Amino acid sequence: VDVYLFAGQSNMQGIGRIADLPVSVPKQIPFTYFWNQQEFEPLVLSKTKVSTRITEFGPEVGFALATARAQHPVYIVKYYASGMPLHLGWDGNNWIGDEG
């Protein structure tokens, strides 16, 4: 299984509004699963929480629509906590990992 990690600064949160998507974009993104902090769930727009605002989305929708196929589903883990570093050695902006 391929798992894609989306991480970065505030642009990963996304500012696209689901209401502005073309009607051709399906409500449930096919063959796409989103990590909800406990398990992977199907990516359903306006139901799956992909940002801090349920009515908005980021680049995960376009990525999934372009790459997900029945024979190669997409599993997405998204990190959008306002610029917080993703590395496990960080706590906010403080390094708490090994010295080396």
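**Sheet, core and aromatic pairs**

Four strands make up an open sheet with mixed pairing, in the order 1-6-3-4; strands are DSSP E runs of at least two residues, numbered from the N terminus, and two of them pair if DSSP finds at least two bridges between them. This is a predicted model, where local features need pLDDT of at least 70, side-chain atom pairs count only at pLDDT 80 or more, and totals for chains, interfaces and linings use all residues. Residues are numbered from 1 along each chain as its sequence is written, and side-chain values use heavy atoms, leaving out hydrogens and water.

- The edge strands, each pairing on one side only, are strand 1 (3-7) and strand 4 (40-44).
- Strand 3 and strand 6 run parallel and are joined by 3 bridges.
- F34 stands opposite I76 in strand 6.

**Aromatic pairs**
- The structure holds 5 aromatic pairs, meaning Phe, Tyr or Trp rings (six-membered ring for Trp) with centres within 6.5 Å; planes under 30 degrees apart are stacked, over 60 edge-to-face, the rest tilted.
- F6 and F63 are edge-to-face, because their ring centres lie 5.1 Å apart with the planes at 75°.
- F6 sits in strand 1 and F63 in helix 1, so this pair ties together parts 57 residues apart in sequence; helices are DSSP H or I runs of at least four residues.
- F6 counts as buried at 10% relative accessibility, while F63 is partly exposed at 24% (buried is under 20% relative accessible area, exposed over 50%, partly exposed in between; 1.4 Å probe, protein chains only).
- Y33 and Y75 are stacked, 5.0 Å centre to centre with 25° between the planes.
- One aromatic cluster is formed by Y33, W35, F40 and Y75.
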